[in-house]
Amino acid sequence: MNAGDLDPRDLGTVVGVWAHPDDEAYLAGGLMAMARAAGSRVVCVTATSGERGTTGRQEEEGLTHVLRVAAAAGHAGDARVESLSVLRAVELARSLEILGVAEHHGLGLPDGGCADLDPAGPVDRIAEILDAVAPDTVLTFGPDGVTGHPDHRTVSAWTGAAVARAAPGARLLHAAVPAGHVRRWSWLHERFDVYAEGYPVLTPDDRIALHLSLDDAVAARKVAALRAQASQTDGLVAALGVPTYTEWVRTECFVAA
């Protein structure tokens, strides 16, 4: 079901600009899958490799040997970051494949450190991609970053500047959180610390340009894409169970920037 004036099958060429692997699947996995199914070109841009993210039990075991060897050389911390970066790149590639997205650009910027960078370089790089792709629609976070994460908020600002420079005619859509979704899932958000203090910023219904409640087939595909990023999602899926997790991620919402 789709509410709002827009339809993901009518967005033309789509570029999504995100901060970390799995941001794209959580916030726009269904939209991307639907756009690709309709024959649209979809390009994903990820600012960081998510090297400061978490690892699940199996992934942690898989890193143990690498870390032991690195510790002997005095580089355990570096090895952990590098190993997780590689792991998440593999997971992201598989996740995008499930969604039908074949084009990805990683900017290789520091996870957790985007706000400390001179914006000129990242804006230039995003603008170069936009200029090459010539998108009809650009997706990213709103100024609030959805969860309040500083990387999310920074990527939103970079993307807005890049769109203004390189794709001024493109439709810019910001991921948003509808009030009804927050009311329904407040227990989950509190239990798992999904949002920073003071977030999310709730979106009034009359501002929503695209509100998706994914059908079962698209929701299952989105969940498969998220589960491909197992280092980040296995623990939550195990805690909630697949049916509850599916209902939680079934909604995607965007407002016009």
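These legends describe an overall view and several close-up views of one predicted protein model.

The model is predicted, so local features are given where pLDDT is at least 70 and side-chain atom pairs where pLDDT is 80 or more, while totals for chains, interfaces and linings use all residues. Residues are numbered from 1 along each chain as its sequence is written, and side-chain values use heavy atoms, with hydrogens and water left out.

**Figure 1. Overall view of the protein.** The protein contains nine helices and 10 strands. Helices (H or I, at least four residues) and strands (E, at least two) are DSSP runs, numbered from the N terminus. Of its 257 residues, 52% count as buried; buried means under 20% relative accessible area, exposed over 50%, and partly exposed in between (1.4 Å probe, protein chains only). The accessible surface is about 11500 Å², and carbon and sulfur atoms make up 52% of this surface. Areas come from the Shrake-Rupley method with a 1.4 Å probe; for residues, only the protein chains shown count as cover. Among contacts (heavy atoms within 4.5 Å) with a separation of 6 or more, 84% join residues 24 or more positions apart.

**Figure 2. Contact of helix H8 with helix H9.** Two packed helices are described by the angle between their axes and the distance between the axes. Here the axes of H8 (residues 230-240) and H9 (residues 242-249) come within 6 Å and cross at roughly 115°. Axes are lines fitted to C-alpha atoms, for helices over the stretch in contact, and angles run from 0 to 180 degrees between N-to-C directions. H8 and H9 are therefore roughly perpendicular to each other; angles under 35 degrees count as roughly parallel, over 145 as roughly antiparallel, 65 to 115 as roughly perpendicular and the rest as oblique. On the H8 side, the contact involves Thr233, Leu236, Val237 and Leu240; on the H9 side, Val242, Thr244, Tyr245 and Trp248. These residues divide into six nonpolar, two polar and no charged. Ala, Val, Leu, Ile, Met, Phe, Trp, Tyr, Cys and Pro count as nonpolar, Asp, Glu, Lys and Arg as charged, and the others, Gly among them, as polar.

Figure 3. Thr137 lies in E5 (residues 137-141) and is buried, with a relative accessible area of 0%. Leaving aside residues up to four places away in sequence, Thr137 touches Leu11, Thr13, Val14, Val15, Arg171 and Leu173.

Figure 4. Most residues other than glycine have a negative phi, and most peptide bonds are trans. Asp22, not a glycine, has a positive phi of about 90°. Asp22 sits in the loop between strand E2 (14-18) and helix H1 (23-37) and is buried at 11% relative accessible area. Ala134 also has a positive phi, near 55°, and is found in the loop between helix H4 (120-133) and E5. The peptide bond from Tyr199 to Pro200 is cis, with omega near 5°. Pro200 belongs to the loop between helix H6 (179-191) and strand E8 (202-203).

Figure 5. Ala217 lies in helix H7 (residues 216-228) and is exposed, with a relative accessible area of 58%.

**Figure 6. Cysteines Cys114 and Cys253.** Cys114 counts as buried at 0% relative accessibility, and Cys253 is buried at 3%. The structure holds zero disulfides, a disulfide being a pair of cysteine sulfur atoms within 2.5 Å.
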